[in-house]
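Student: Please take a close look at one part of this predicted model for me. I would like a single connected account.

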Amino acid sequence: MSFIRDTWIIFRRSMVLSLRQPLWVVIGLLQPILYLTLFGPLLQTIAATSGFQGDAWQVFVPGLLVQLGIFGGLFVGFGIIAEWRSGVIDRQLVSPAARTAIITGRTLRDVVVITVQAIVLVSAAFFMGLRVPVGALLIGLVLVALLGAAFSFISNAIGIATKSEDALAPMVNTLALPILLLSGILLPMTLAPAWLQMVANFNPFKHIVEALRAVFLGQFDAPIVWIGLLLAVVLVVLGAWVGSRVLAAQTK
Amino acid sequence: MKPQSHPFQPIRRLPAALIAVPNNDNEAQVTNTIIEAKGLKRSFKARGAKGKTIDAVRGIDLSVREGEIVGFLGPNGAGKTTTLKMLCTLLTPTDGSATVVGADLRRDPVEVRRRIGYVSQAGSTSPEAKVGEEIVSHARLYGIDKQVAIQRGKELLAALDLAEIWDRTCGSLSGGQRRRLDIVMGLIHQPRLVFLDEPSTGLDPQSRANLWNHIRKLRDELGTTVFLTTHYMDEADSLSDRILIIDNGTIVAEGTPAELKKRVSGDTITLTLRTEADAARSAEIAARLTGADAPVSEANVVRFHVPDGATALPVLLGDLTKAGIDAIGVDVNRPTLDDVFLTLTGRSLRD
């Protein structure tokens, strides 16, 4: 199983390098807490609107978790461009390592970083008043990890395909903005006019957010939960496919 | 050199199958071909223009024998790096075939990867990573055990005068140290063939000379075959046993540095005489030398080319004495590789 071995080697190297940058680890951990403390209080009144069910934390934390998965993954491409520039990617491509391991190992590191951030986020939310079943939290973490993996694959793939921060930045923003606006992460889509709701229905992340909110309300057997998880898995598969295609194309 | 002080000694104690064959062991091994390429071609899609392609490499044949240092010389954009990347499996050839260290480049690129080392001009390490970590993680990708990787890595570092850098971050090294570390990374799996892409680009003169010594040592002491690209003629000249000159995607000449210089432009002989009349008569005499081209006279100076200045000079001076002409100055200039390139392509390498 050289793929698993190589993925592990690449993952370990990336993980060690990430941990060597304590500033980034701290910033990464601080971000979700900033969201909770500076944005959470605003939500207390919004949660009372008719669009949402449950208390502010049950509405807000699922949105934040999904957002963390998306944005935590989307920006990792900058790192792989730097690695390519210092010759590390070519060095690994010229070794007998499994091609897909070169991207999967890095994505795995991103998943670990994002999951740790998610754990910090839900722990902080717990202290601020979030009360949900442990099972809901676990499903939330799995969902964040899946989204992080999907977007890390895609961001790494774009990074390695374009090899330019100037190309990656607008692409990431173009991708992120409609996803965020049409997902109902910050405001419920039920407040939107009918046409906007229609458009939002095509955004898989709207359903993923809804799935996680249902879980946080204890509705584990709601069909939306399965739809959300399935969508997340599909996204990971899609991202992995794009990622390995791009990696293989590097030597074409 | 005393065998005890052999810098690569520890590596030689490894199983015979892992060790590159030293080039002076016996005749049969010296003539082993380690790279054999036929009609290697690479074209890229032109950006913007539909269906248009740019031929970066237009059908290259080349063969490299085990134990050689071969310099691949050409101006920027000639197709050096493209050819190198094809031979290293980083680019799939559009056409043609090659065998690299016994493995077929197209059918078995993974086996080629196992058997070659590649040192890119972009480097090989992250600035934040520690030297030892990079070496060990790279070695692990070749299936090398961690303990073996540490031992081998430290030995290689010591051999390249980098003994004390194991725990330092790669970004804290000097340019020359970092380049030598790249070579250590490329050698960690003990390949019989190593590719060096523009090894001395960006180094100061002292680091360059030092690097060249290490590259020579690599071949002389480990028997590693070295294939290097360069656009510096002095680098190709002083390092290579054999040079391939590439221009515009094709190989335009090949040979030892001495052969190339002799074949293409010959040596320049410049005679300075007392009078213009002496110069005119000397020009006539010089023109009769075997292989000489038409001499050019300017006032009392005559300049012409002969295939080999060292053997032509005594004959010329004898003829001049017989004719009663007294030369007051003689200069023999050996051609540089730049002269060679100029004669071959009509352009200077420096362009």
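Tutor: What follows is a look at chain A and then at the side of chain B that touches it.

Start with the fold of chain A. This is a predicted model, so the account rests on computed values. Chain A holds 11 helices and zero strands. Read from the N terminus, its elements run α-α-α-α-α-α-α-α-α-α-α. The radius of gyration of chain A is 19 Å, close to the 18 Å that the globule rule gives for 252 residues, so chain A is as compact as a globular protein of that length. Its C-alpha trace spans about 60 × 40 × 35 Å along the principal axes.

Now the packing within chain A. Of its 252 residues, 47% are buried. Take the contacts in chain A with a separation of 6 or more: 81% of them join residues 24 or more positions apart.

Next, the interface. Here 23 residues of chain A are in contact with 25 residues of chain B. On the side of chain B that touches chain A, two helices each supply at least two residues: H4 (109-115) and H5 (131-141) of chain B. The largest share of that side comes from H5(B), with five residues. By class, the side of chain B that touches chain A has 11 nonpolar residues, nine polar ones and five charged ones.

To put the two parts together: chain A is built with 11 helices and zero strands, and 23 of its residues are in contact with chain B. On the chain B side, H5(B) gives the largest share.

Conventions
Residues numbered from 1 in each chain as written. Chains lettered and ligands numbered in written order. Predicted model: local features only at pLDDT ≥ 70, side-chain atom pairs only at ≥ 80, totals over all residues. Helix = DSSP H or I, 4+ residues; strand = E, 2+ residues; numbered from the N terminus. Rg over C-alpha atoms; globule rule 2.2 N^0.38 Å. Buried ≥ 20, exposed ≤ 12 C-beta atoms within 10 Å, placed from the backbone. Contact = placed C-beta atoms within 7 Å. Nonpolar A, V, L, I, M, F, W, Y, C, P; charged D, E, K, R; others polar.
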